[in-house]
Amino acid sequence: MIVADSLRYDSVYQHEGIGASYLDSQSIQFTNASSPACWTLPATASLFTGALPHEHKATTQSRYLSKNVPTLAEILKAQGYNTFQITSNIATTDIFGLDRGFDKVYKTWEIANENGMSIKNLLLLLGKPRIRNKLFSKDVIAKSLSKDMKAAGVWFNSHYKHVFEKATAILEEHDKKNQKAFLFLNLMETHFPYHIGHDFKFLSPGFIDKVKELKSMYNIVNQTFLTKDGALPENSMLKTIKSRQHESWKLIRKDLDEFARMHHEDKDNLVIFTSDHGENFGDQNWVYHFSNVSDACTRVPIFWLDPNGMTPSVKDHKVSSRSLFHSIAKRSGYEDLNGEDLFTANVHNIPISQSYWYNNHGKTLDKYKFNQFCFHVNDKRYLKKNGSWYQAETTKYGKTTEEPLFEQLDADVNPLQENVIDPESRTFIQKQLDNFLAFEKTLN
């Protein structure tokens with residue numbers, strides 16, 4: 001299971017083509033998939049548990065995976081698989097409990113064992129307060145970099161080749177021993193600062209534009225707009241930053257495609273490629289990926305390469321990426337799944353996304369202090385926040401580059417009652433909403 005961190009759906013699809021011929025021709029592609037969450041911790045927790053954020057409780061505010069939900073790695077381990085995680089994102093490790101069930105977690109910044117740090121890397125590190133505090137800690141002064149500082153190296157150097165090399169070595173070893181293995185791989189190239197080369201570099205040509213690009217990235221990663229009015233980067237620079245992510249997809253896609261082919265073609269391996277969530281570059285007047293449920297931030301690509309000769313195809317029914325948990329567990333022989341499956345268009349696959357407001361160092365403006373619950377039905381998205389309902393058309397990728405804005409509904413309009421015709425679907429969504437609101441009260 002390969003996850004390209006923060007990779008938008010349209011960074012893959014809405015350009016000159018996917019550019020990954022094996023994935024494109026040999027996989028089952030899910031083109032209407034949505035993540036339950038908008039940043040790595042809750043989104044990966046949903047991939048690992050099949051649960052919504054209010055159920056697994058690994059959110060912006062609660063921050064740790066509940067011990068009451070079984071993980072995919074635990075289930076596969078019980079089915080006789082050796083389990084491995086190879087990651088370039090510290091958020092998927094023990095720091096938030098997402099290592100549970102893995103026999104071994106490999107961190108690429110430790111594999112790379114990189115030495116030194118350039119001035120431009122240092123400048124970007126200063127953009128992260130948590131990292132900045134570490135930078136001036138006694139540990140650093142004593143020339144003993146903290147774990148956070150070492151992990152920050154993935155912001156400035158491409159690590160995906162380390163991921164593929166380590167994964168290939170593990171798979172080859174298990175092939176020789178005729179043992180079963182489950183591997184979860186996280187690639188950070190498509191995450192901020194959206195690598196366009198194996199070492200950090202700017203996309204803008206001139207010095208002044210490079211400064212603007214750096215300043216915009218600084219404001220994006222710090223989500224300055226949450227703490228200061230009028231702080232959204234200018235639209236032209238947002239387009240530049242957005243194009244960085246597409247360039248990062250171009251950077252990894254050929255090697256990713258070859259890795260998938262190598263371990264799928266004529267092999268008895270299930271290979272899955274997806275992203276944990278998307279990314280905001282001004283969509284719904286938002287930047288970065290914390291605390292929002294826009295299409296940009298939750299629509300994800302899914303490529304399923306099956307070992308059992310399933311015909312490559314495109315599935316366009318609406319689906320939640322959390323169902324990857326159920327489908328992978330089902331293929332391993334696990335049966336306690338209540339009929340949930342990625343391939344089935346049923347109520348369990350109604351895309352529901354949740355976000356929880358981000359306390360940006362105690363400075364978040366009051367107008368951004370809200371949690372969000374969003375569901376998709378037919379071609380509409382419905383959003384509940386601050387006690388009110390909003391609606392928007394589903395983004396028609398390929399036909400538009402702009403995401404339709406949410407518009408507030410009249411106070412007496414309840415889209416669950418008026419727009420969700422199927423009683424089973426209405427009951428399912430209402431139950432999730434009620435549980436979301438109940439969980440929300442425990443956070444205040």
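**Entry 1: around helix 3**

I looked up what covers the buried residues of helix 3, and the list includes strand 1 (2–4), helix 4 (53–56), helix 5 (72–78), strand 3 (82–87), strand 5 (181–187) and helix 15 (323–331). Here contact means heavy atoms within 4.5 Å. Helices (H or I, at least four residues) and strands (E, at least two) are DSSP runs, numbered from the N terminus.

A note to keep beside everything here: this is a predicted model, in which local features need pLDDT of at least 70 and side-chain atom pairs count only at pLDDT 80 or more, while totals for chains, interfaces and linings use all residues. Residues are numbered from 1 along each chain as its sequence is written, and side-chain values use heavy atoms, with hydrogens and water left out.

How many residues of helix 3 (residues 40–49) are buried? I found 10 of the 10, so the helix is largely enclosed by the rest of the structure. Buried means under 20% relative accessible area, exposed over 50%, and partly exposed in between (1.4 Å probe, protein chains only). Among the buried ones are P42, L47 and F48. After helix 3 comes G50, with a positive phi near 75 degrees.

**Entry 2: helix 11 beside helix 13**

Next I checked helix 11 (residues 160–177) against helix 13 (residues 235–264): their axes come within 11 Å and cross at roughly 5 degrees. That makes helix 11 roughly parallel to helix 13, a label for angles under 35 degrees. The axes are lines fitted to C-alpha atoms over the stretch in contact, and angles run from 0 to 180 degrees between N-to-C directions.

On the helix 11 side I noted Y160, K161, F164, A167, T168 and L171, which meet residues of helix 13 including L251, D255, F259 and H263.

**Entry 3: strand 10**

In strand 10 (residues 352–355), I352 and Q354 point one way and S353 and S355 the other, and all are buried. In a regular strand the side chains alternate between the two faces of the sheet. Strand 10 pairs with strand 11 (residues 372–377) in the antiparallel sense over 4 bridges; pairing takes at least two DSSP bridges. I found Q354 opposite F373 in strand 11.

Most residues other than glycine have a negative phi, and most peptide bonds are trans. I looked for exceptions.

- F192 and P193 are joined by a cis peptide bond, with omega about 10 degrees.
- R63 has a positive phi of about 70 degrees and is partly exposed at 29% relative accessible area.
- H361, in the loop between strand 10 and strand 11, has a positive phi near 60 degrees.

Conventions:
Angles under 35 degrees count as roughly parallel, over 145 as roughly antiparallel, 65 to 115 as roughly perpendicular and the rest as oblique.
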